[in-house]
Amino acid sequence: MRLRHGVVELPQNDLRRSGSIDSCLGKTVPCSNRNTKVDQDTILKILKKVNYPGFSRDIVSFGLVKGVEINEGHVSVGLAVTTADKSIPEKLHAAIDQALKDAGFINAAISISVAAPKTPAPSIASGVAAHDPEHDALREVKHVIAVASGKGGVGKSTFAVNLACALAKSLATQGRVGRVGLLDCDIYGPSVPLMIGLQGRPEVDGDFLVPMENFGVKVMSMGFLVDEDTPVIWRGPMIMKTIQQFSTNVAWGNLDFLIVDLPPGTGDAQLSLVQTIPLRGAIVVTTPQRAAVSVARRGAMMFTKVNVPLLGIAENMSYLATPSGGRENIFGEGGGAEAAHDLNTELLGQLPLDPRVREGGDRGIPIVLSHPESISASVFTDIARRLIEKVASAPTALNSSAT
Ligand SMILES: Nc1ncnc2c1ncn2[C@@H]1O[C@H](COP(=O)(O)OP(=O)(O)OP(=O)(O)O)[C@@H](O)[C@H]1O
Ligand SMILES: [Mg+2]
């Protein structure tokens, strides 16, 4: 399988005079500034203080700096960005200029080459991501929806698996069979294969991985590619590149929905993934305790940063149903509603703490299918129906050729 480049595919052309960042690093070019010797590392350190507008990540680690030249005390910096947002280069120019001035470098030459995303950026996306039309595995996917959380262990994968199955069931009743995909992006503990009863290795078709399928849901997971017993040791940049490549090289075919189970947390890997995939929206899973509100907010912030709409909050493990028909609020109550109110979105549903949910996950038969009459299954079904209604009325985020 040939994996294609990640999201920020940067043109090199008009930065040739500056040389690549690799050739800059470590190479000392003496020059004088306030009678001190500076080299490119010094300048890169300064540039590392400049974040990409709206992000907590700096332009150097984003790989946007393509060249640094120091000539007789005169500093030239070259950047290449891929964005449809005209304000980005202006903001970058001002921030870099300020950072250099603060460090004593006045009148630095800053050149920023701007490339438009290769396919029209979806209106809801920030435009940072670029898609290669020839290799765009998502071109026939109507709605990509991320399932995220601010922290791990809240039932995100359980939610993603059951939601995908509930969507597949609902769509099948409309004659739309095989129109749901599930992408498990958790590289550390991919649990989706177990939860949806799949194992083995996916086939490879040319440049693409062919998703495996169960319960009418097409599934791709790192769990199919990495041996269970092999410890997965990744370094930061490696994680991002791998997830980006992995997530964009799957032959999904024609889908109405692709549910993406994001890795837990809100770090760089998640952020970069959110930029890679043109998302129609995101659902944040949370637990009912009030303390979880700030965690949910953190999860949601990641999407607002890149203009991905929040479709709602799903509260999991909301209560335990007692034999007498009551509800025991083991983990507190109100967190989901408060988070939804806070984030100006809706509470999509409250899923009870149900041992059959866990059993279903362990057995590979999601509760939506094993106990369709259960309250849990009906909440998932209701969320799936509302999601179908919600996005059906809105324009598709992706290639309009998807039918
Ligand atoms: N509503 C529920 N009732 C009972 N058990 C549940 C419920 N939701 C999730 N679980 C169980 O809780 C555990 C954690 O769930 P899950 O793996 O889906 O969480 P996660 O947020 O994806 O975790 P991670 O951050 O590790 O990816 C699993 O054993 C799952 O079966
Ligand atoms: Mg998970």
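This is a predicted model: local features need pLDDT of at least 70, side-chain atom pairs count only at pLDDT 80 or more; totals for chains, interfaces and linings use all residues.
Val141 has Leu255 as its bridge partner in β12. The two strands concerned, β6 (residues 141-148) and β12 (residues 255-261), pair in the parallel sense over six bridges.

**Sheet**
- An open sheet is formed by eight strands, with mixed pairing.
- The strand order is β10-β11-β7-β12-β6-β13-β14-β17.
- At the edges stand β10 (212-214) and β17 (347-350), each of which pairs on one side only.
- On average, and with direction ignored, neighbouring strands of this sheet are turned by 25 degrees against each other.

**Helices on the sheet**
- Helix α4 packs on the sheet, where it touches β6, β7 (180-184), β11 (217-221), β12, β13 (281-286) and β14 (310-315).
- The direction of α4 makes about 170 degrees with that of β12.
- Helix α9 (residues 335-342) lies across β13, β14 and β17.
- Relative to β14, α9 runs at about 165 degrees.

**Surroundings of ligand 1**
- Ligand 1 is surrounded by 20 residues, of which Gly152, Gly155, Lys156, Ser157 and Thr158 are the closest.
- Two or more residues of this shell come from each of α4 (156-173) and α10 (355-363).
- By residue class, the shell comprises six nonpolar, 10 polar and four charged residues.

Definitions and conventions: Residues are numbered from 1 along each chain as its sequence is written. Chains are lettered from A and ligands numbered from 1 in the order in which they are written. A residue is near a molecule or strand if its C-beta atom, placed from the backbone, lies within 6 Å of it. Helices (H or I, at least four residues) and strands (E, at least two) are DSSP runs, numbered from the N terminus. Ala, Val, Leu, Ile, Met, Phe, Trp, Tyr, Cys and Pro count as nonpolar, Asp, Glu, Lys and Arg as charged, and the others, Gly among them, as polar. Two strands pair if DSSP finds at least two bridges between them. Axes are lines fitted to C-alpha atoms, for helices over the stretch in contact, and angles run from 0 to 180 degrees between N-to-C directions. Two residues are in contact if their C-beta atoms, placed from the backbone, lie within 7 Å.
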